Amino acid sequence: MNIKTAYSMKTDLHEVVADIKAQLDDFDIKLIVFFASSAFHPAEIAERMEAAFPAVETFGCSTAGEIVTGKMLTKSVVAMAFNSQAIKNCKVDVLEDLNKESFRAFNAFERHFGKTMKEMDPKQYVGIMLVDGLSGKEEMIMDRMGDLTNVIFIGGSAGDDLKFASTYVYANGKSYANAAVLAILEPGVEFSFVKTQSFCELPQKLVVTKANEFKREVLEFNNKPAAVAYAEAVGTSVADAPNHFMHHPVGLVFEGEPFVRSPQQIKGDKMLFYCSVKEGMELSLLESTDIIASTKKALEDARKEPGGISGIVNFNCILRTLELGQKKLAEDYGKLFEAEPTVGFSTYGEQFIGHANQTAAMLILR
Amino acid sequence: MAGKIKQMIDTIISQRAKDNAMLAGIIKTKLMLKGIDPNKFTPQSADDLAIISKLEALMKEL
């Protein structure tokens, strides 16, 4: 076994870390990824996890709920430990202060691996990104990284249990706000990705004719006030439209694959989204389907690929978690992941090639 | 000159993907997320300065 998970439901942070350390005690660890409820003090959890595993790279973030093998949890800390057969090499760095566009971290990766980001083979290296979920900077980072390297980055936006006050990423024994943790991993095993969003595409199209992409606002769809056009597409009134957001988001659909953009609220005639939308984009209205069935199918397809699955890191949108909770299906969703070591969290956004909403983006290690 | 966008898109894909079909798909997706649908442009497509500008910035990274 090259990958092991651990979790703790204890409430005292000292006991939580001791509990996780005890579960991983006989494991020869190279890297730990951990996700912690926002109930825990960010600076303390970061410091204590680093101190508990001093010879090991550790990184993680705060969450809106945690996922571990077979379970969806809250108020917990979950961790995945990789040995050196699972991860041959890794480097973790932090983009501090996302208001400044600086990818100094890439210099650190290039020094560590002895090759440029352009040279890195996307079949040999994979990137993980954990980012302040309230920064609104996910698109900028993913876009810029996508220009600079073919290495695929996957990840999630840190959460804070729906308080929307402050989220944190952890690395080097510290916690950071307005920051992103970037990790480049060189797995010793093959790896792949699952990106699943439980929606079908409807025929209604919404062309973004006016938008403020930096504020994630759409002012007009189809040359009409955005709220009016959306309500018309859904077949309801503007007043009722927010009740349809969760089940009828919109998507940028490319070759059958939707990148979901979830509406957040209506402000006058404008619509605010959880994801940036560019002028000129043609978006499709989406309709929700069965999260359990579609996730189950996505995992079954992944399991059929050669090599089996030795570990899953699941970045699962909080909106999916909320819907599962409303339908009392959270336990069923957790059970989809009982066959393989799994860790993950409920995110304020998901990253795979770009930024998306209402998606589960998963790194699959074979 | 019509068709410049298609030409630039094809150059970016061929230089970044180097015959790797999976990588070509990823690069096309990245273009789509930038607001440039690579499947919509033909050799006859009119030039759009805003799109050309975005593609020029990307080509500088090659």
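In chain A, the axes of helix α1 (residues 13–23) and helix α2 (residues 42–52) come within 10 Å of each other and cross at roughly 35°. Axes here are lines fitted to C-alpha atoms, for helices over the stretch in contact, and angles run from 0 to 180 degrees between N-to-C directions. Helices (H or I, at least four residues) and strands (E, at least two) are DSSP runs numbered from the N terminus. The model is predicted: local features need pLDDT of at least 70 and side-chain atom pairs count only at pLDDT 80 or more, whereas totals for chains, interfaces and linings use all residues. Residues are numbered from 1 along each chain as its sequence is written, and chains are lettered from A and ligands numbered from 1 in the order in which they are written.

The crossing of α1(A) and α2(A) is right-handed; a crossing is right-handed if the near helix is turned clockwise from the far one, and left-handed if it is turned anticlockwise by less than a right angle. On the α1(A) side, A:Leu13, A:Val17 and A:Lys21 meet A:Glu44, A:Ile45, A:Arg48, A:Met49 and A:Ala52 of α2(A), two residues being in contact if their C-beta atoms, placed from the backbone, lie within 7 Å. By class, this contact has five nonpolar, no polar and three charged residues. Ala, Val, Leu, Ile, Met, Phe, Trp, Tyr, Cys and Pro count as nonpolar, Asp, Glu, Lys and Arg as charged, and the others, Gly among them, as polar.

Helix α6 of chain A (residues 291–304) has 14 residues, which at 1.5 Å a residue should span 20 Å, and its end C-alpha atoms are 20 Å apart, in agreement. The expected span is 1.5 Å times one less than the number of residues. Within α6(A), A:Ile291, A:Thr295 and A:Leu299 are buried. Seen down the helix axis, the buried residues of α6(A) fall within an arc of 50°, so they line one face of the helix; the arc is that of the directions from the helix axis to the C-beta atoms. A residue is buried if 20 or more other C-beta atoms lie within 10 Å of its own, exposed if 12 or fewer, and partly exposed in between, with C-beta atoms placed from the backbone. The buried residues of α6(A) pack against β13 (191–196), α7 (318–326), α8 (330–335) and β26 (360–365) of chain A. The face turned away from the buried side carries the exposed residues A:Ala293, A:Glu300, A:Asp301 and A:Lys304.

In helix α3 of chain A (residues 104–113), the buried residues are A:Ala105, A:Phe106 and A:Phe109. They cover an arc of only 100° around the axis, which puts them on the same side of α3(A). These buried residues pack against β7, α4 (138–148) and β12 (179–187) of chain A, while A:Arg104 and A:Arg111 are exposed on the other side of α3(A). Just after the helix, A:Gly114 takes a positive phi of about 70°.

A:Val343 lies in strand β23 (residues 342–347) and is buried, with 26 other C-beta atoms within 10 Å. Leaving aside neighbours within four places in sequence, the contacts of A:Val343 include A:Thr5, A:Phe35, A:Val78 and A:Val313. A:Ser310, in the loop between α6 and β22 (311–317) of chain A, counts as buried with 20 C-beta neighbours inside 10 Å. Among the residues that A:Ser310 touches, not counting those up to four places away in sequence, are A:Asn2, A:Val189 and A:Arg366. The C-alpha atoms of A:Ser310 and A:Glu190, 120 residues apart along the chain, are separated by 10.0 Å. A:Asn89 is found in strand β7 (residues 87–96) of chain A and is partly exposed, with 16 other C-beta atoms within 10 Å. Beyond its neighbours within four places in sequence, A:Asn89 is in contact with A:Phe113 and A:Glu186.

Positive phi values also occur in residues other than glycine. A:Lys75 has a phi of about 55° and is found in the loop between β5 (71–73) and β6 (77–82) of chain A. In chain B, phi of B:Lys18 is near 45°; B:Lys18 is placed in the loop between α1 (4–17) and α2 of that chain and counts as exposed, with 10 C-beta neighbours inside 10 Å.

The contact between the chains takes 15 residues from chain A and 11 residues from chain B. Helix α2 of chain B (residues 21–33) gives the most to the chain B side, with six residues. By class, the side of chain B that touches chain A has five nonpolar, two polar and four charged residues.
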